[in-house]
Amino acid sequence: RRFGIEGDRRRIFEAGVGRGLNTPRTHAAGRVFDAYAAAVGIAPEPATWQAQAPIRLEALARRHVGALPGRVAFDLREQQGALFVDWDPAFEPWRWGPVAAEQRGGWALAFHHAMARALGELVAFALEKGAPRGVVLAGGVMINRLLAGLLAQRLEELGVVCHWPRQVDPGDGSISLGQAWLAGHGRFDPARPTEG
């Protein structure tokens, strides 16, 4: 019910998720924003334009900037030489019911801080493996100015130089361009996700 899905529609949804039907895995950070906006209770039903729920989440978080953010949990796990972020703990507070309306802004801000921490952990892991100290910040979620600012601050602390797209699409088109560049230089493995 906390996701605005009830009755037969909810039962069909739960059965599909339980069986893995039409539920592809994704490495896109934008899908985590979608899910978190739904959990907080601000996702539109239905969404009528792209990134509507994440934009609402950012707008809500921005109204609470300056407040001490709470802490949204996530887990990290290394698998086959890659670091993965598990967002299940972030949704634990709503396992038994919806968040109160007056708490939504604090949770939205805390989620942005958590996403910046998680992305910072991924970059720190790459640095330990010998990655260069420069990162191009692009993709749909980097259009979120609050997240981009929090992440840039974290990466500065790690001694990483942030680069921003200036002559190409700053959204997902930049990810495709980056993948093409890496492939052209023999550095892209399509079996290893880079989206988000």
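The side chains of R31 and D34 come together in a salt bridge, with 2.9 Å from N to O; the term denotes a side-chain nitrogen of Lys or Arg within 4 Å of a carboxyl oxygen of Asp or Glu. The structure is a predicted model, in which local features need pLDDT of at least 70 and side-chain atom pairs count only at pLDDT 80 or more, while totals for chains, interfaces and linings use all residues. Residues are numbered from 1 along each chain as its sequence is written, and side-chain values use heavy atoms, with hydrogens and water left out.

R31 and D34 both belong to helix α2 (residues 29-40), where they sit 3 residues apart, about one turn of the helix. Helices (H or I, at least four residues) and strands (E, at least two) are DSSP runs, numbered from the N terminus.

In total, 5 salt bridges are found in a search of the whole structure. Another of them joins R11 to D8, with the closest N and O atoms 2.5 Å apart. R11 and D8 are 3 residues apart in helix α1 (residues 7-19), and therefore separated by about one helical turn; both R11 and D8 are exposed. With 13 residues at 1.5 Å a residue, α1 should span 18 Å, and its end C-alpha atoms are 19 Å apart, which agrees; the expected span is 1.5 Å times one less than the number of residues. Just after α1, G20 adopts a positive phi of about 75 degrees.

A salt bridge also connects K129 with E78, whose closest N and O atoms are 3.7 Å apart. This pair links distant parts of the chain, since K129 lies in the loop between α4 (104-128) and β3 (134-136) and E78 in strand β1 (residues 75-79), 51 residues apart. K129 and E78 are both exposed.

Turning to the aromatic residues, the structure holds 5 aromatic pairs. Rings of Phe, Tyr and Trp (its six-membered ring) pair if their centres lie within 6.5 Å; planes under 30 degrees apart count as stacked, over 60 as edge-to-face and the rest as tilted. The ring centres of F33 and F111 are 4.9 Å apart and the planes meet at 85 degrees, so this pair is edge-to-face. F33 in helix α2 and F111 in helix α4 are 78 residues apart, and their pair links distant parts of the chain. F33 is buried at 1% relative accessibility, as is F111 at 0%. F111 also forms a stacked pair with Y36, at 4.3 Å centre to centre and 15 degrees between the planes. Because Y36 lies in helix α2 and F111 in helix α4, this pair ties together parts that are 75 residues apart in sequence. Y36 is likewise buried, at 0% relative accessibility. F33, Y36 and F111 share one aromatic cluster with F74, W87 and F91.

Across the protein chain there are 6 helices and 4 strands, in the order α-α-α-β-β-α-β-α-β-α along the sequence. Of its 196 residues, 33% are buried.

Definitions and conventions
Buried < 20%, exposed > 50% of the residue type's maximum accessible area, 1.4 Å probe, protein only.
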